[in-house]
Amino acid sequence: MKGLKKIALATAIAAAPFASHAGMKALDDTAMGNVTGQAGVTIELQTKVSIGEFRYTDTDGYQTDPTKPIVDGFGNPYADAAEGGSFVVSGITLGGAGVAGGLTAKDAVAFKKFVEEGGNPVDFTPTQDSGLLDDLAINIDVAANGDAIIHIASLSTIDIDGDGTPDSPAPIDWGVTVDEIKLSSSAGAETTLISGMSGYGYLAKLDIAVRNQDTVETGQTAGTGLLNISTAFNVADMDFDVDFMGVGIRDLKVSGSLPVGGTGNATADAYLSKGYAYVDVNVYSGEAKAAGVNEALNIDVNDVYLDVSIGDILIGNDGTGTGGPNLSIGSVALNNVAITDTKLVVYGR
């Protein structure tokens, strides 16, 4: 039943936007036409990545210098540790949708048609290996002004209109699994934050531009350049447990829908109308408000438009099963979420 559930989710959630995906290639080509030419470099990619553990360690904890105050600005005592704790992510796998139980975009469309024609879902046989992050090309160009333009493009097309001729770019399927995300003390004590994470989805657009010596009004350091990331995607299905809270999240989905009147951003509106979330951010070296910090990592969130839904929220356990949360309190949905004009400044201390 679990395998069937995953296939059904791939169809119901991920395949729906594909039916109206025609025309996205023309949008991308038009958007990129001003900065790219015929010459350049293309890299075709096929990969599956496994990482045993990622560990970030705070090397000095809270406070080790006896000359500094023993309390912080809020009157709370500092800890006294030779080394701080660690944030640990273990058992990471990144590949195609298949690593989390999903299908490639082509097979998702084929499965939908198979069921519509009366086929038994359990009899459907995928035609492609969905465990690999593949079928994509990385196109790299350098414009006359020195900007580096990186465009992630699909190598496949989908037969949207059913006439037997592929005519629309296929979204790139992706999948990720993570065994555990936890906090670890310098003495080895651990708290599991999240476990059993498994999710997959589809990428419709990813453009990365490294701007040459751009300057922006938000405080960018002149002559240092700017990284712009513009992407459209969905999360077809994601499950995980929040262990330290005893909460389970099932069937988390991230997508997009066009709000009444649009967003004012033609590119965002085009992807939202196809069911994809849209994100556009700038990253650069710039100012910080804190005294003694001359430059910092600045992240400007220009546009984030998305819908989020959780099919089932579990809190508590009735004593059956494997011991994880299994008592449902219902579902939740957030529609037409818009995050704009948001700025993050990051620096060390």
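In this predicted model, Val235 has Val254 of strand β11 as its bridge partner, and Val254 in turn stands opposite Val308 in β13. Strand β11 covers residues 247-255, and eight of its nine residues are buried, so the strand is largely enclosed by the rest of the structure.

**Strand pairing around β11**

- Strand β10 (residues 226-242) and β11 run antiparallel and are joined by five bridges, while eight bridges join β11 to strand β13 (residues 296-315), again in an antiparallel arrangement.
- The hairpin of β10 and β11 has four residues between the strands, and within this hairpin Gly246 takes a positive phi near 70°.

**Nonpolar cores and a surface patch**

- The largest nonpolar core holds 31 residues, of which Val178, Phe233, Met238 and Phe240 touch the most other members; at least two residues of this core come from each of β3 (86-95), β4 (133-142), β8 (172-184), β9 (190-211), β10, β11, β12 (277-286) and β13.
- Apart from its neighbours within four places in sequence, Val178 is in contact with Val89, Ser90, Gly91, Ile92, Ser195, Gly196 and Met197.
- A second, separate core consists of 12 residues, among them Leu103, Ala170, Tyr202 and Ala236.
- On the surface, Phe54, Tyr56, Phe87 and Leu183 form a nonpolar patch that together has about 390 Å² of accessible area, and Tyr56 of this patch is found in strand β2 (residues 49-57).

**Salt bridges**

- Eight salt bridges are found in the whole structure, and one of them links Lys112 with Glu116, whose closest N and O atoms are 2.5 Å apart.
- Because Lys112 and Glu116 lie four residues apart in helix α3 (residues 105-116), they are separated by about one helical turn; Lys112 counts as partly exposed at 32% relative accessibility, whereas Glu116, at 57%, counts as exposed.
- The side chains of Asp207 and Lys205 meet in a salt bridge with an N to O distance of 2.6 Å, and both Asp207 and Lys205 are buried.
- Glu180 and Lys182 likewise meet through their side chains in a salt bridge, at 3.6 Å from N to O; Glu180 is partly exposed at 27% relative accessibility, while Lys182 is buried, with a relative accessible area of 12%.

Notes
Residues are numbered from 1 along each chain as its sequence is written. This is a predicted model: local features need pLDDT of at least 70, side-chain atom pairs count only at pLDDT 80 or more; totals for chains, interfaces and linings use all residues. Side-chain values use heavy atoms; hydrogens and water are left out. Buried means under 20% relative accessible area, exposed over 50%, partly exposed in between (1.4 Å probe, protein chains only). Two strands pair if DSSP finds at least two bridges between them. Patches are made of residues with over 30% relative accessible area and no salt bridge: like charges are joined within 9 Å, nonpolar side chains (Val, Leu, Ile, Met, Phe, Trp, Tyr) within 5 Å. Accessible areas come from the Shrake-Rupley method with a 1.4 Å probe; for residues, only the protein chains shown count as cover. A salt bridge is a side-chain nitrogen of Lys or Arg within 4 Å of a carboxyl oxygen of Asp or Glu. A nonpolar core is a set of buried Ala, Val, Leu, Ile, Met, Phe, Trp, Tyr and Cys residues joined through side-chain atoms within 4.5 Å. Contact means heavy atoms within 4.5 Å.
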